Amino acid sequence: MPATPHPQRWLIPVLVVVLCLMVGGGLLAREVYREPDSPPLSTLALPSTSARPLAQQPGPATVEETPDAAMHPQHEVVRQLLQNYFDSINARDYDLWKATVTKDRIQSKPKADWLKDYDSTKDGSILVYRIDAVSSQNLLVLVGFTSTQAPEDAPTDLPNAQCVQWKLALPVTQESGHWKVDMVPTYVTPEATAC
């Protein structure tokens with residue numbers, strides 16, 4: 001009498017095929033729905049400023065944005081705010097600067113101190129990398145820029161540097177219905193490298 005096939009023998013190949021299809025489908029779904037890779041912030045560089053000779057630094061004074069920053073609903077307001085902020089520094093216009101910053105920041109930087117701090121500074125190659133909403137009234141703006149200054153006005157961490165590339169997170173907040181650049185917290189250290 002011939003042996004009857006074991007009824008569970010077909011179950012193993014079917015389970016293997018189903019398992020392979022599930023794994024393959026999962027891998028395909030992961031690729032389809034995966035967020036696009038973005039470079040880590042530490043690898044972001046200012047647009048080709050380091051290749052410029054010192055005489056051509058700091059580069060254009062127009063505030064530009066990455067596509068990521070341009071997707072934020074407040075990007076144009078932030079871009080114009082920062083344009084005025086950097087224009088005020090480049091033109092030594094304390095009144096324009098006061099219109100771009102919070103009251104706390106104004107109180108911490110009287111006109112004489114502000115003029116002394118920015119005596120020889122010129123800012124350019126300004127790029128907004130990212131804008132993040134901290135709350136409905138507060139934004140965090142990741143910005144990079146190049147500044148030139150007299151060697152004696154260089155940052156203490158970069159003595160005698162005539163050209164510095166900066167990356168920092170600027171807090172922007174609503175004050176009296178207008179977006180303003182707020183005080184940078186003391187625990188936040190801007191990234192500065194000599195050009």
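Buried means under 20% relative accessible area, exposed over 50%, and partly exposed in between, with a 1.4 Å probe and protein chains only. This is a predicted model, in which local features need pLDDT of at least 70, side-chain atom pairs count only at pLDDT 80 or more, and totals for chains, interfaces and linings use all residues. Residues are numbered from 1 along each chain as its sequence is written, and side-chain values use heavy atoms, with hydrogens and water left out.

The structure holds 1 disulfide, a pair of cysteine sulfur atoms within 2.5 Å. Its partners are Cys163 and Cys195, with sulfur atoms 2.1 Å apart. Cys163 lies in strand β4 and Cys195 in the segment after β6 (191–194), so the pair ties together parts that are 32 residues apart in sequence. Strands (E, at least two residues) and helices (H or I, at least four) are DSSP runs, numbered from the N terminus. The torsion about the S-S bond is about -65°, so the disulfide is left-handed.

| Residue | Relative accessible area | Class |
|---|---|---|
| Cys163 | 5% | buried |
| Cys195 | 39% | partly exposed |

A pocket is an open set of points on a 1 Å grid over the protein atoms alone, where a 1.4 Å probe fits, with protein on both sides within 12 Å along at least five of seven lines; lining residues have an atom within 4 Å of a point. The largest pocket has a volume of about 1100 Å³, the space filled by probe spheres set on the points, which are joined across faces, edges and corners. Of its 32 lining residues, Arg105, Asp117, Tyr118, Trp166 and Pro190 lie nearest the centre. At least two lining residues come from each of α3 (75–90), α5 (103–108), α6 (111–117), β3 (138–148) and β4 (163–175).
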